[in-house]
Amino acid sequence: MKASAQTQAVRYVVVVAAVGAITVVDFRLHVNPTTVALMFLVAVLLASAYWGLRYAVVLALAATVAFNFFFLPPIKTFTIADPQNWVALFAFLVTALVASNLAERARREAERAKGRRREVERLYGLSQRLLASENVLELLDALPRYVQDTFSVGSVAVIAAGHPSIYRSSPDALFDESVLRSTLLRGEPITQEGVSYVPLRLGMRTVGALGVTGDELSRETLDALGSLVGLAIERARALEALSKHRAEQEHERLRSALLDSVTHEFRTPLTSIKASVTTLLSAATLDDQGRRELLTVIDEEADHLNRLVGEAAEMAQLDAGMFQLDLQPHSIQDALKPAMDDAKSSLENHPVEIIAAADLPNVRMDAQRIREVLMHLLENAGKYSPSGSPIKVTCEVNGDRLVINVADRGPGIDSFEQSLIFEKFYRGHNQRYTAPGTGMGLAIAKVIVEAHGGTIGVVSQLGSGSVFSFSLPIDKGSLGTVTREPAVAKTS
């Protein structure tokens, strides 16, 4: 950094003052000429090391004049009587100039080393910021500001191969777009009108171009910056490709799971319907009771098929976010009682106990959707629990949430599977072929609860049953309002 004119003037004054101070002290103390020369030489070295060569040269010349006038005989004249003193004076001047030049070189090298260290630290800091972006468009949009903030340059612009837009650090950043695109196509650095255009390279391939104005960066730093940014862009592209590939694999896995689940689940009702229809169409004589039983089987299994198709369609809507909630203050009983009726067939062999305080506050919910959540949890509890085992439903307030628990005495869920059972089409390893289901019920329940701003989870232990819990935000307007419904404890 160059010193201001005022600073330079002050330094020249200090240099002259230093010569005067050394001269006065040494002259009064009658110091021998050798000591005086060494003191002047030390001053020259200090001036060169800290301020630069120009100040050291001025100090050396002033010291030569003072040395000649005050310390070489005849004293207080510029005449030198002894030829040896000419040699001494010349040796002092040459030594001072050479020493100051060497000190200046050392100072410059130290400054360059510090500058390179700062640039390496800035490159490292920039690399850490670039690693946070995993999307090419997001990276290109943020990259000019990252470079501008890291290197304190005027403005930055970047363009990437395959992306025609030019991304700038600020809307008023002016760059020659033709030169920037030429740098991308030719892959060669260009400096024009104070602007440095650098190709972004990955090996021998050019993946973009960068334009920088303002503070001048070294060519080495610009090349390193180009390589670093090019690598970051290719990394983001690779991550995008990997994410796309994983998404395709996940899509294929879900498609296979759906086909497997649908094939398995549809086979039972279709077999029952086919057998019933075949019997009705056969020549076998059936009484009215037998005919009615077969028609009842057909009706129930048709409803079962219709429900399976409905769940699949609902899952697709929930995944796409194509649903709206009718959020109104409701008592949890408004959803729990209808859900008990919906899950009646799965609960008919289980005593169900419901524990809910009479003064539970209302919650903001879509009663129909929460009814569906409770129905899925109750059905699962009934399907996976041994016949005759009890099922308990509890409702309690926890802070600003109402927590609903559904506990069963089923086989339990392995700790590894507890994080997977809310995924689409996933069914427990030990239950997937022992109980009917498509694996969509809990996934549907999870999406609905989270859309309400709540959470859902499970606590389970193998051989001891499971407790499924979900929470809903309490309606603030109903705080302090008592819901006059008695606690329910019944067996069905």
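Author: Buried means under 20% relative accessible area, exposed means over 50%, and partly exposed lies in between, with a 1.4 Å probe and protein chains only. This is a predicted model, in which local features need pLDDT of at least 70, side-chain atom pairs count only at pLDDT 80 or more, and totals for chains, interfaces and linings use all residues. Residues are numbered from 1 along each chain as its sequence is written, and side-chain values use heavy atoms, with hydrogens and water left out.

Reader: Is Val 42 buried, exposed or partly exposed?

Author: Val 42 is partly exposed, because its relative accessible area is 48%. Val 42 sits in helix α2, residues 33-50, where a helix is a DSSP run of H or I with at least four residues, a strand is a run of E with at least two, and both are numbered from the N terminus.

Reader: And how much of the protein is buried?

Author: Of its 492 residues, 40% count as buried.

Reader: How many bridges join β7 to β9?

Author: There are 5, and the two strands run parallel; in β9, Lys 392 is the bridge partner of Glu 353.

Terms used. Two strands pair if DSSP finds at least two bridges between them.
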